[in-house]
Amino acid sequence: MHEDLDTAIATALTRDSVTCAAYAARYSWPASARQFLHALVPLEGKLMAA
């Protein structure tokens, strides 16, 4: 990442696409949903109104 878009693009183009795809796959919707569900904990006691 770089605040200058031209620099960010030029740097991104030098990265290995297979490695980038493997990294990005960790952030899929199914992976995100698994992470969310894993973080849920049961509430104890009364529910409070928002």
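Modeller: A residue is called buried under 20% relative accessible area, exposed over 50%, and partly exposed in between (1.4 Å probe, protein chains only). By that scale Y23 is partly exposed, at a relative accessible area of 47%.

Biologist: What kind of model is this, and how are its residues numbered?

Modeller: This is a predicted model, in which local features need pLDDT of at least 70 and side-chain atom pairs count only at pLDDT 80 or more, while totals for chains, interfaces and linings use all residues. Residues are numbered from 1 along each chain as its sequence is written, and side-chain values use heavy atoms, with hydrogens and water left out.

Biologist: What is the mean pLDDT of the chain?

Modeller: The mean pLDDT (the predictor's confidence in each residue, from 0 to 100) is 89, and 90% of the residues reach 70 or more. Helices here are DSSP runs (H or I, at least four residues), numbered from the N terminus.

Biologist: Which two residues form the aromatic pair, and how are their rings placed?

Modeller: A pair of aromatic rings is described by the distance of the centres and the angle of the planes. The structure holds one such pair. The ring centres of Y23 and Y27 lie 5.4 Å apart with planes at 55°, so the pair is tilted; centres must lie within 6.5 Å, and planes under 30 degrees apart count as stacked, over 60 as edge-to-face and the rest as tilted. Y27 is exposed, at 52% relative accessibility.

Biologist: Which side chain makes a polar contact with D16?

Modeller: The side chain of T19 does, at 2.7 Å; a polar contact is a pair of N or O atoms within 3.5 Å, one able to donate a hydrogen and the other to accept it. D16 sits in the loop between α1 and α2 and is partly exposed, at 43% relative accessibility.

Biologist: Which residue caps the N-terminal end of α3?

Modeller: S28 does: a side-chain oxygen lies 3.2 Å from the backbone nitrogen of A31.

Biologist: How many of the 11 residues of helix α3 are buried?

Modeller: The count is one, and helix α3, residues 29-39, is hardly covered. F36 belongs to this helix and is exposed, at 53% relative accessibility. The C-alpha atoms of F36 and C20 are separated by 23 Å, the two residues being 16 apart along the chain.

Note on methods: Helix = DSSP H or I, 4+ residues; strand = E, 2+ residues; numbered from the N terminus. Phe/Tyr/Trp six-rings, centres within 6.5 Å; stacked < 30°, edge-to-face > 60°.
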